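Please look over the structure first.

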Amino acid sequence: MKGIMDGIRVVELASWTYVPVAGAVLAEWGADVIKIEHPESGDPQRGLAAMGLIPTGPGGVAHMMELPNRGKRSVGLDIRSQEGHDLLLKMCEHADVFLTNWRPQARTKYRVDVEDVRAVNPDIIYVRGSGQGQRGPEAERGGYDGCTFWGRGGPADIISNPDDYPIMQPGPAFGDVIGGLTIAGGISAALFHRQRTGEALVVDNSLMATAMWAAGASVLAAGLFGLTKMPKSDRTNAPNPIVNTYRSSDGRFLSLIMLQSDRYWAELVTRMGRPELVSDPRFVDAAARAEHRQECVATLDAIFGARTFAEWRELLMEVEGVWAPVETAAELLEDEQALANGYIREIDAASGTRFRIVASPLQFNETPPDLTRAPEHGEHTDEVLMELLGLDMDQIMELKISGAIL
């Protein structure tokens, strides 16, 4: 089937990960996403891989370029030159969306702000991703998810021990991919709005706003209850012992979230081979388990510690209450449930190397997306200029000689 964004064209003037992820999601959904890169330097993330600061995989696969750029076309274009700027605006004439993470001063300096792009295409949806938002004293400051999302937005403080350094975010691009997906959703809503009303919107998102949204329950509680720090839980003192994490005999973990404990307790402990705990006065109902919580957690610790991770996964499979194995990133690549739903897809790199990647988390008509690799630097420059702008090879060669394009 065709993608839901088939026929939509996006001009992306953005680098690194956060905002480009939005373009990658739209490309998965069928949009033609044209990534604008400087003819010499390209996306700076390419340079990190080229210099060895970020490792590449077999066949030269640069995973931090593939993640936010799969499925796009790349055009090497120097918009700082008059010729390059003119070409960019001509592309915008044929686009539905302009997507950027450039800051306000840079957009003004290089004449790519809302009014500049709307001057050639009043119907274009103009989309901005930023660190801290478009207004206020820090509108010009940049942002990365490791500090702006994770630190400024609240998650680091909420999850960390107050007596130690904050815990770092769990892996690269953790906030970026959430923010990029959010932007893609905003673009979808703006396209729908334009189709219904004819009005083209300006869409904004920031890493700070995305993190605050993710931490919204804690932020709400802080205001309601006057909290300066979120209360830290003690797993040995959990009032509902089957909302907790337990360690297997081989050092792996299982997470239980069985909120209706009276509904699930009897089946759980019976399945675990301890039916006598159903009628144990200390654990006979939720109130008793809360009163004797430390004894209950200790009892469950001993039970879980008697079997391996694999044994527990098999034994608990038919239990009604919600639980999950705590998996590694490598295990997710082989997770039977993930594979059955098409959450892991394969891509052929330019070198011919096949690698696996996580698809964006939405599916339409129960169909996983077919993904293609990220483009090489400026790979589609000639193709796009001929196809979209109608230039011939003589004109393209003149632009190459002048340095306006790659």
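The largest pocket in this predicted model has a volume of about 1,100 Å³. The second largest pocket holds about 900 Å³ of space.

**Largest pocket**
- Its lining is made up of 35 residues, and Leu 67, Val 177, Ile 357, Val 358 and Ala 359 are the closest to the centre.
- Two or more lining residues come from each of helix 1 (18-28), helix 3 (63-69), helix 9 (174-197), helix 16 (329-332) and strand 11 (354-358).
- The lining has 27 nonpolar, four polar and four charged residues.

**Second largest pocket**
- Of the 41 residues that line the second largest pocket, Ser 15, Trp 16, Pro 44, Asn 101 and Tyr 144 lie nearest its centre.
- Strand 2, helix 2 (44-50), helix 3, helix 5 (104-109) and strand 5 (125-130) each give two or more residues to this lining.
- By class, the lining of the second largest pocket divides into 18 nonpolar, 14 polar and nine charged residues.

**Helix 18**
- In helix 18 (residues 381-389), the buried residues are Thr 381, Val 384, Leu 385, Leu 388 and Leu 389.
- These residues sit on the same side of helix 18 because they cover an arc of only 95° around the axis.
- An α-helix has 3.6 residues a turn, so residues three or four places apart point the same way.
- The buried residues of helix 18 pack against strand 1 (9-13), strand 2 (32-37), strand 3 (73-76), helix 4 (82-93) and helix 19 (393-402).
- Gly 390 follows helix 18 and has a positive phi, near 75°.

Key: Residues numbered from 1 in each chain as written. Predicted model: local features only at pLDDT ≥ 70, side-chain atom pairs only at ≥ 80, totals over all residues. Heavy atoms only, no water. Buried < 20%, exposed > 50% of the residue type's maximum accessible area, 1.4 Å probe, protein only. Helix = DSSP H or I, 4+ residues; strand = E, 2+ residues; numbered from the N terminus. Arc of directions from axis to C-beta. Contact = heavy atoms within 4.5 Å. 1 Å grid on protein atoms, 1.4 Å probe; cavity = no way out; pocket = protein on both sides within 12 Å on 5 of 7 lines; lining within 4 Å. Points joined across faces, edges and corners; volume = space filled by probe spheres on them. Nonpolar A, V, L, I, M, F, W, Y, C, P; charged D, E, K, R; others polar.
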